[in-house]
Amino acid sequence: MNIVANRYQLGQLIGKGSFGSVYLAGDIVTRKIVAVKIINKKLVNDTKAIMNEILILHKCQHENIIKLENYHEDADFVYIIQELAVGGQLFKHIVKRQHYSEFHAKVIIRQLLSALKYLHTLSPPIVHMDIKPENILLKQIPDDYDQNELFKPLVKLTDFGLSQFYQRGALKYGLGGTPGYIAPEVKTRGILTPSADIYSLGVVTYVLIAGRLPFDGVSIDEIYQKQIKNQWSFCDIFENISSQARDFIESCITLDFERRPTAEQLLNSDWLGIEGISSMNLQISRKALQKYLVEQKLRTGMQFIVFTQMVEASSYQIDDPNKSIIERIETSRRGKRKAQ
Ligand SMILES: Nc1ncnc2c1ncn2[C@@H]1O[C@H](COP(=O)(O)OP(=O)(O)O)[C@@H](O)[C@H]1O
Ligand SMILES: [Mg+2]
């Protein structure tokens, strides 16, 4: 299996998540290098969930969201062909940087918020459901010192494998998510709103600044218990961080989901507004992040990421692979509507 859909020449493996293996590939038609996520259908007990990921990606057109190029299916695998994020995982880049500060964390969070505002104001809104470091990629590797590069679209949100269309008032039990990042009301009460992404964004912001999780523990259960009781505090690193950043994090990691700010409100928050954010090098955070990355590998190995199939009773079918991607998705959506 070296050529996918008679068009993409597969190259090296560049990433592995809980469901997909991601390869570099050359597009024989356009000569562009792309990323191909290959999902083994046997590992996912419901291929509709994969179609959901493709449909959602197809709907999204935003500079901070990974772009869907194409997709393909054969008997055993689904292939999601995407724009390549050359810079790879954001955190892996940060630990290699010479210079990393609160200012950088803020630039990254602003771009992520821009993606979240877009998703949450679509009709119907899309809840990403898996905002965490591994799903935050970089379009290119920014220079260590040239700050101009930081203002270009850099951050690319990916992995819509657990994403959901938001339906007001609907309860959805057994949803997937990552311990430590998933909002407690999703886990315990099946309440799914866009504010679940805001909670996870708060956790990501904490980790970006401190290099460690606000909720940590030796078992999944211990982490959930801390989340449910909202047991966390700012570690020592935050003594050198602006009070606006702390307020920002605190407002996101709020137990009451109705009191969390929206992405739009956060884009107008004091932290994002103030000038002169510290560019002090966060050496200790970078070291802590390094440790986090090692631990993250162990976590994945331990099947730490809990996944339960979701997707409402939808029936997406891929039909004629020669049709354009839009035609194919439209056909599957009509199929879905008919089935309802
Ligand atoms: N478009 C892409 N460009 C570069 N690397 C990618 C891309 N998509 C995924 N990756 C890498 O592959 C990993 C797994 O991809 P992801 O979509 O998150 O799969 P999973 O659903 O299995 O978690 C990511 O964490 C990242 O390191
Ligand atoms: Mg992932």
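Trainee: From which domains does the shell around ligand 1 draw at least three residues each?
Mentor: The shell draws at least three residues from each of domain 1 (2-84) and domain 2 (88-301), with bounds that come from an automatic or database domain assignment. Bear in mind that this is a predicted model, in which local features need pLDDT of at least 70 and side-chain atom pairs count only at pLDDT 80 or more, whereas totals for chains, interfaces and linings use all residues. Residues are numbered from 1 along each chain as its sequence is written, while chains are lettered from A and ligands numbered from 1 in the order in which they are written.

Trainee: How many residues surround ligand 1, and which are the closest?
Mentor: Ligand 1 is surrounded by 23 residues, the closest being Gly15, Gly17, Ala35, Ala85 and Asp159; a residue is near if its C-beta atom, placed from the backbone, lies within 6 Å.

Trainee: And which strand gives the largest share of that shell?
Mentor: That is β2, which provides three residues, and at least two residues each are supplied by β2 (8-16), β3 (20-27), β4 (33-40), β6 (77-83) and β7 (88-89). Strands (E, at least two residues) and helices (H or I, at least four) are DSSP runs, numbered from the N terminus.

Trainee: How do the shell residues divide by class?
Mentor: Around ligand 1 there are eight nonpolar, ten polar and five charged residues, where Ala, Val, Leu, Ile, Met, Phe, Trp, Tyr, Cys and Pro count as nonpolar, Asp, Glu, Lys and Arg as charged, and the others, Gly among them, as polar.

Trainee: Back to Asp159: where is it found, and what is its phi?
Mentor: Asp159 is found in the loop between β10 (155-157) and β11 (164-165), and its phi is near 60°, a positive value in a residue other than glycine.

Trainee: Which peptide bond is cis?
Mentor: The bond from Ser123 to Pro124 is cis, with omega near -5°, and Pro124 has its place in the loop between α3 and β8 (126-127).

Trainee: Changing topic, at what angle do α3 and α5 pack?
Mentor: Helix α3 (residues 102-120) and helix α5 (residues 195-210) pack at about 165°, with axes 10 Å apart; axes are lines fitted to C-alpha atoms over the stretch in contact, and angles run from 0 to 180 degrees between N-to-C directions. The contact includes Ile108 and Leu112 of α3 and Leu201 and Leu208 of α5, contact meaning C-beta atoms, placed from the backbone, within 7 Å. By class, this contact has eight nonpolar, one polar and two charged residues.

Trainee: What about α5 and α7, how do their axes cross?
Mentor: The axes of α5 and helix α7 (residues 243-252) come within 7 Å and cross at roughly 145°. Among the contact residues are Tyr199 and Gly202 of α5 and Phe248 and Cys252 of α7, and the contact divides into nine nonpolar, two polar and no charged residues.

How values were computed: Two residues are in contact if their C-beta atoms, placed from the backbone, lie within 7 Å.
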